[in-house]
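Visitor: I would like to walk through this model with someone who can point out what pairs with what. Could you guide me?

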Amino acid sequence: MFPLFEVREQNGERKVNALSTIEKGTELCTFTGKPIDFKETLKLGNKESFAFQVDKDLYIYLDEPYRYFNHSCEPNCGITSELKMVTLKPIEKNEELRWDYSTSMLEHHWTMKCNCKKENCRKIVGDFTTLPEKLQEHYLKAGVVQKFIMNFLKK
Ligand SMILES: [Zn+2]
């Protein structure tokens, strides 16, 4: 079903890895899931990270395998407004595919500790507006910021 990646389990943690080398700018999949509102995300407990924000009070409770893509502060993938996952860099075979969760976050609520070990690791992952300006510009240019966030920034 997904020729370019697969979910792998390591020490009880799921991650998604590339099955081959992949060129930059490749479309990997389109995220799908059940629409839920903010209140419902609060009931998810430790599954709160499976809720992908698409509007002020609208989330998608991601289907498998989309929920298993992990966060990185220096990601090799991003999610477009059409919920397509695209590669931002050339990918090596077996490399983990990750995106920056802040590119879909503007809720003033949920944060996540990060230990992605990248040089620019922010340690705390929060709303898009908490990102350094340069990084915001980078994601906007790459087209991997959710539309409701772009609309908010224009105001
Ligand atoms: Zn990090």
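**Helix and strands**

Guide: L42 has its place in helix α1, residues 38–42, where a helix is a DSSP run of H or I with at least four residues, a strand is a run of E with at least two, and both are numbered from the N terminus. This is a predicted model, in which local features need pLDDT of at least 70 and side-chain atom pairs count only at pLDDT 80 or more, while totals for chains, interfaces and linings use all residues. Residues are numbered from 1 along each chain as its sequence is written.

Visitor: Is L42 buried or exposed?

Guide: The criterion counts other C-beta atoms, placed from the backbone, within 10 Å of the residue's own: 20 or more means buried, 12 or fewer exposed, and anything in between partly exposed. L42 has 12 other C-beta atoms within 10 Å, and is therefore exposed.

Visitor: How far apart are the C-alpha atoms of L42 and H109?

Guide: Along the chain, L42 and H109 are 67 residues apart.

Visitor: Which residue in β2 stands opposite R8?

Guide: Strand β1 (residues 5–10) and strand β2 (residues 13–18) pair in the antiparallel sense over 6 bridges, pairing here requiring that DSSP finds at least two bridges between two strands. The hairpin that they form has 2 residues between the strands, and N11 takes a positive phi near 50° there. Within this pairing, the residue of β2 that stands opposite R8 is K15.

Visitor: Which residue of β6 stands opposite Q53?

Guide: An open sheet of 3 strands, with antiparallel pairing, has the order β4-β6-β5. Its edge strands, each pairing on one side only, are β4 (33–36) and β5 (51–55), and the twist averages 30° from one strand to the next, with axes being lines fitted to C-alpha atoms and angles running from 0 to 180 degrees between N-to-C directions. Strand β5 is joined by 4 bridges to the antiparallel strand β6 (residues 58–62), and there the residue opposite Q53 is Y59.

Visitor: Why is one side of β3 and of β8 left without a neighbour in the sheet?

Guide: These strands belong to an open sheet of 3 strands in the order β3-β9-β8, with antiparallel pairing. Because β3 (27–30) and β8 (77–79) stand at the edges, each has a single partner strand.

Visitor: What is the bridge partner of T30 in β9?

Guide: Strand β3 is joined to strand β9 (residues 84–87) by 3 bridges, and the two run antiparallel. The bridge partner of T30 in β9 is K84.
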